[in-house]
Amino acid sequence: MLAYIARRLLYAIPILIGVNLITFMLFFIVNTPDDMARMHLGMKHVTPQAIEKWKAERGYDKPLLYNGEEEGLTALTETIFFEKSLRLFVFDFGLSDDGRDIGHDIYQRMWPSLAIAVPVLVFGLLTNITVAMLLAFFRATYIDVAGVIALVALMSISSLFYIIGGQFVIGKLLHLVPISGYDSGMNALKFIVLPVLVALLYGIGSGGRWYRTIFLEEIGKDYVRTARAKGLSERLVLFRHVLKNAMIPILTGVVVLLPLLFMGSLILESFFGIPGLGSYVIDAIQAQDFAIVRSMVFVGSVLYIIGLILTDISYTLVDPRIRLS
Amino acid sequence: MLRDGVAYFSSLKPVLLWTDALVFMLVAVIAAFAVYARGKEYLRAPWRKVFASRGGMVAAVVIAVYAAVALLDSVHFREPLENKGAEGETFYTVEVISLLDLALGPLRDQVEKTYSAPFATHLYAKETVELPDGSSARIFPRLQYGGAHLEDPLRDKAGDILYRSLSGAGAGLLWWVVLSGVFVWGMARRAGEPFRATLRKVLSGETAIPWHAMLYTAGFFLVLTGMIASLAGYYHIFGTDKVGQDVLYQAIKSVRTALVIGTLTTLVMLPFALLFGLMAGYLRGWVDDLIQYLYTTLNSIPGILLIASAILMLQVYIDTHPDLFETDAARADMRLLFLCIILGVTSWTGLCRLLRGETMKMRAAEFVQAASAFGVRHSRIMSRHLLPNVMHIVLITVVLDFSGLVLAEAVLSYVGVGVDPSMNSWGNMINGARLEMARDPMVWWSLLAAFVFMFVLVLAANLFSDAVRDAFDPRTHSK
Amino acid sequence: MSEILLSVRGLSTHFLTQGGVVRAVDDVSFDIRRGETFALLGESGCGKSMTSLSIMRLVPEPAGRIVAGEIHLDGQNLMDLPEAGMRRIRGNRIAMIFQEPMTSLNPVLTIGEQIAETVRQHRRLDGAAARGVVLDLLDAVGIPDPRQRYGEYPHQLSGGMKQRVMIAIALAGEPDLLIADEPTTALDVTIQAQVLALLGDLQKQTGMAVLLITHDLGVVAGMADSVAVMYAGQIIERAGKEAFFRDPRHPYSRKLFDSLPDVGKRGHQLAVIHGAVPSLAREFKGCRFAERCDEAWDLCHEQAPRWYDQEGGRQVRCHLLDPTLAARRPASHAAPRDGTGQAQPCREHGQAPLLEVENIKVHFPIRKGLLKRTVGHVYAVDGVNLSIARGRTVALVGESGCGKTTIGKAILQLIRPSAGSVRFEGDELTRLRGEALRRRRSDFQIIFQDPFSSMNPRMMIDEIIQEGMVALGIEKDAAARRSRVEELLDHVGLPREARHRYPHEFSGGQRQRICIARTLAVRPKLIVCDEPTSALDISVQAQILNLLKQLQNELGLSYLFITHNLSVVGYLADEVAVMYLGRVVEYGTVQEVLEQPRHPYTQALLSAIPVIDQTTRREVIRLEGDLPSPSSPPSGCHFHTRCPHAMPVCSQRYPQSTALSDTHRAHCFLYGDEE
């Protein structure tokens, strides 16, 4: 098992190098640091001196890949590629374009993101499975048909409207919870409730429908016929036989998302003013702070790869047929 | 009159935007496929199933209405300016307009000062107005166009709206009766039946294709169009936005943006997904390793971050090279196209993986082995044996992705990495309205318009994709 | 208590499909007596499985529905019971086992738990008591080491073991009736023998009745007390077993017997039933078999026959049995339409071998680790010698997983052999690469098992047949190719219009004909036939075997016939190679191998085949256990782990070939070991 994980982590290295190259090309080849400086300082009336100063302050004044002015190894290390891209491998994110420590920011903002994302995941899983089980139990009846239509309607609404609607109804009309904001400790609870509710409602449409098809697919299998031939009740057939098999694709589908929970939800956090990583990214995008975006791309990729590994491991835990090799 | 029309159109300078060209190419591809599919029973059979599904076909009519709007909006040109140049050469406006803009005439032109509510006759904000007696007061001034024809809005408005809606609805209904009559007559002639017999069959839903449901849907749209047409010249049905532009106009103009993103994205990514998926699954070995590495790498970057980075970089590029584009429309269009491409790159991986898996399964199929035993070449095995047998997956993915992409546009525009802020899109509408959320009383109509237009399209797309999946997915017919 | 346990009356089950209502079961009636084995015999799609599901009231709803009929169990009509009441019948009074043991068990529950579930449900036992019962059941169905197996999952068991678990589940409720739906069809013949023997023993012990659903006349002969023959949704003949096998009365039943291939019919054409089983989506007016019946006359097409009672309680649904009606039958119909029994002497061709395979090996590497190091091999084929003369048929026989299909593909270079030589007309194929190999491909071709997956569903028949000609440049001229396609269709007995249709429009047998036409198009000298008839019904199998035989006589083709069906071998082959775990254990002429098998494995294989004529039945040599894994074959003789004659030397080294006659060889220490 450990050997397997170690091997998978080794596989991850070329992928992270690839990610790094893509971001490097995007951020430094398509547009040179000069372009970025010019944009940050305003298009017109930029003196070359101002550009040089902007670059020097942020460490963009070095050559991209090879520094001809240096000797030996430093010719490679005193470059933007080394300083800005390779440093990411040791999780040294450096400073943002406005001079903040990105690593520290990420650590600070991780927790509010998790405070939203974890309950959304857990309760979402429960509600979606419940809805899907109900529909599967009443399959091919009017309840099922009506339920599916309702789910399709739910999933046809943009997430933005769930947020706006939720803020309007619960926050503005009913005054139950604050519309947005965040606080530390247990005081955060009243800020968390609404975003979590909104996200749950938004997730039911696609989640419930997807799980329903998984359930129906399992119900069509031969072992279900065997279970019925044993004289088991429909309830037992569904809960003991179908649910257990359906949980394999459902759980493993969820596991890949687990690490990405740290990344938070972009829109949810930004709408509700939650100081998490999601809103961090949005703020960075809107402020065009490329250092932060670059770091978050790398963090996201690392988390995704961890998710893939966890998925494989979770298969072996829930599916007796699969053994790691 | 006719001559005036011809003269007007011949004075225009046609503009072919990149996305226009691709949209027309897409239409051509679909048409070519339809002609090709007519002769192939295995292609016709699943489509017949789609055509027989009532929900699917009602959705198809709705999508067709949206598509018609988008196509009208994809014929672009520039109007000539009045004053000619020194040597008599014509100058054209910087503004690029489309056939749709001509059709929506008053909607585009009737711009108020700022916000006004739906069907309002007065502005939404108080203004200091100089009264005839010379004093000034802060009042809600009358709108320049909305309800301007009413003498006493308080007294006449309700009756006027009712009258105009009813007459518009009546006109729409009349159109519907005439058009459906012609349609049924055409059907009767083709079938060689009396008109009444065909009519009875259509109305009672005995036809193989649920024409009655489709006709009723078309009727609904015609009546709606009639009502809008008769009201739109006199009121702002969905109100106006901050700069006083008609919200209904914005919502209609946004249709093209949504459809372009929903369709071109998949069109752009399709050749790569197909080629790489088939090659990885069939050739295996190092080709497979390389392609797998490629898509795992792309997939591991969180989609929205990749899009954000790419769009930001594009924006910097455009901003630092302002001379590349002749008009604002061309610049916005380039950003739209690039958004499609980058969205395609992020969604490419899923289809590629699906195709790779299916190809690997099919590679072991006996008909592929038989072809190898005949010494058929790899390229031909891939194009003739594998490709036609994975096309259903492609189709299902394309229709399934469509609604997700339309929804994604709104979110991306909200984040600031969607379409150009100057381009009409539902995401931009929502984004603009969001800033007014805190305002009391709330400005809600932009949200409502975007919501209604988006919901109808996405719901229709979802229903249609369900019908397509039922017909094409072999797993759904096994039981 | 009456003698009748289950009485089915007028049962009709319909299915709503795209193509309309399918009358899967149409007015079916029969009785099962206590303790007897009642066989329901029929080809695929005749409605026999649906009949059994209807009895359990497990017809998949809402598409399927029992529309009429009564099912009495001990006088109680099951159709009147509410669903909850029916649940007390299922698994308790009537139990069922299914065809596919691989998919019929829940993959994520332990087998102990799956059996215990039924025990708890119907015997009201819990905890340790239930566990005890389960262990007893596992023991009763012959699963070794029940305590260990209790906690294992289905994927850890072989197919035969899984079917034993299914039987244990069925027995858990101590049922009065066990419905066995093709219980051994998915199993190899030696495993089939084990499972059938187990079923027979258990029936003797418990006195339960068995409703045995099968397509295999041999299984019926070995197991049943009474027989009902089903055709197109109806039962057409009911009889005691003895009477039925002595003298089948319905023309369909008679034809089924005649169309079975075996050694005795060598050199003769097999009797065939024309056409294919009719679709049940249509309305029937007359007798359902009339279209395919040699003896049918006008009346048969117009009026459905009623039941005719015969002596000994047997019943037949055929107009021929009504003396007054049969007398009015026009005389011209008396002669059968095809030439049954036409002797066609096998032409002898030159003895120079067309194909020589020497010590061929196909090892699939098992790769593991970061650098995909090879940590082991699957020894799919491990040193096989074969030679095929022009115009002759060599059969390759063995159970699934013995490597016989791999050899076929390795000869065609579809899989490159790891070692050894394949010489075709003296040319070493293993050394040919690229274009040189492509040019030779027209000489050797392959016909696959599954006619449904061996043609691209997106291509028209015309294109399918032409593909090889185009790829290999056989006919350069398009018009010539077209006329050749028509010629080929004539040759395999299909109408020329078939050219413009798609594969799905044809039945299994017709598709197999198209596949044959496709291979013939490139004028091959050798055809590898990989189980070409195992996916087909018996009545259609005979058509294809006749066609293959006829083509061999006309064109002088050589066949490498890969099969697990020894009766087909006896009918068609000249020489036989018996394979076990990647190696040939016995090789000889058909007479030698089938009549005097020497290798213990061949003997066991032959004895395990269910035979129709019970007087010729050999003592079944029951093989213990399952086929070992080809990635770690046993040391010494691969067969020693299951061999009844195993000696110490057998586990030490592999026996060399022993010549038993000029043509007969075996690898076994029983016959000495010439080194």
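Before you click anything, note that the model is predicted, with local features needing pLDDT of at least 70, side-chain atom pairs counting only at pLDDT 80 or more, and totals for chains, interfaces and linings using all residues. Residues are numbered from 1 along each chain as its sequence is written, chains are lettered from A and ligands numbered from 1 in the order in which they are written, and side-chain values use heavy atoms, with hydrogens and water left out.

**Stop 1: chains A and B**

Select chain A and chain B together. You'll find 48 residues of chain A in contact with 45 residues of chain B, contact meaning heavy atoms within 4.5 Å. About 4,200 Å² is buried between these two chains, and carbon and sulfur atoms give 76% of that. Buried area here is the accessible area (1.4 Å probe) that two parts lose on being put together, summed over both.

Now pick B:Asp466 and A:Arg209, whose side chains meet in a salt bridge (2.8 Å, N to O).

Helices (H or I, at least four residues) and strands (E, at least two) are DSSP runs, numbered from the N terminus. The largest share of this side, 9 residues, comes from α14(A).

**Stop 2: the chain B sheet**

Next, show chain B as a cartoon and look for an open sheet of 3 strands in the order β1-β2-β3, with antiparallel pairing. Strands pair if DSSP finds at least two bridges between them. β1 (13–15) and β3 (92–98) of chain B stand at the edges with a single partner strand each, so one side of each has no neighbour in the sheet. Zoom in on β2 (residues 76–80) of chain B, which pairs with β3(B) over 4 bridges in the antiparallel sense. One bridge to select is B:Phe77 with its partner B:Ile97 in β3(B).

**Stop 3: strands of chain C**

Over in chain C, β1 (residues 4–17) and β2 (residues 20–33) pair antiparallel over 10 bridges. A hairpin of 2 residues joins β1(C) to β2(C). Select C:Val8 to see C:Phe30 opposite in β2(C). β1(C) is also joined by 8 bridges to β4 (residues 64–73) of chain C, running antiparallel, with C:Thr13 opposite C:Ile66 in β4(C).

**Stop 4: chains C and A**

Finally, show chain C with chain A: 32 residues of chain C are in contact with 24 residues of chain A. These chains bury about 2,400 Å² between them, 62% of it on carbon and sulfur atoms. Of the 2 salt bridges counted here, one to pick joins the side chains of C:Glu117 and A:Arg240 (2.5 Å, N to O). The polar contact count is 13 residue pairs, both residues at pLDDT 80 or more. On the side of chain C that touches chain A, α4(C) gives the largest share, 7 residues.

Methods
A salt bridge is a side-chain nitrogen of Lys or Arg within 4 Å of a carboxyl oxygen of Asp or Glu. A polar contact is a pair of N or O atoms within 3.5 Å; within protein, one must be able to donate a hydrogen and the other to accept it, and residues adjacent in sequence count only if both atoms are side-chain atoms.
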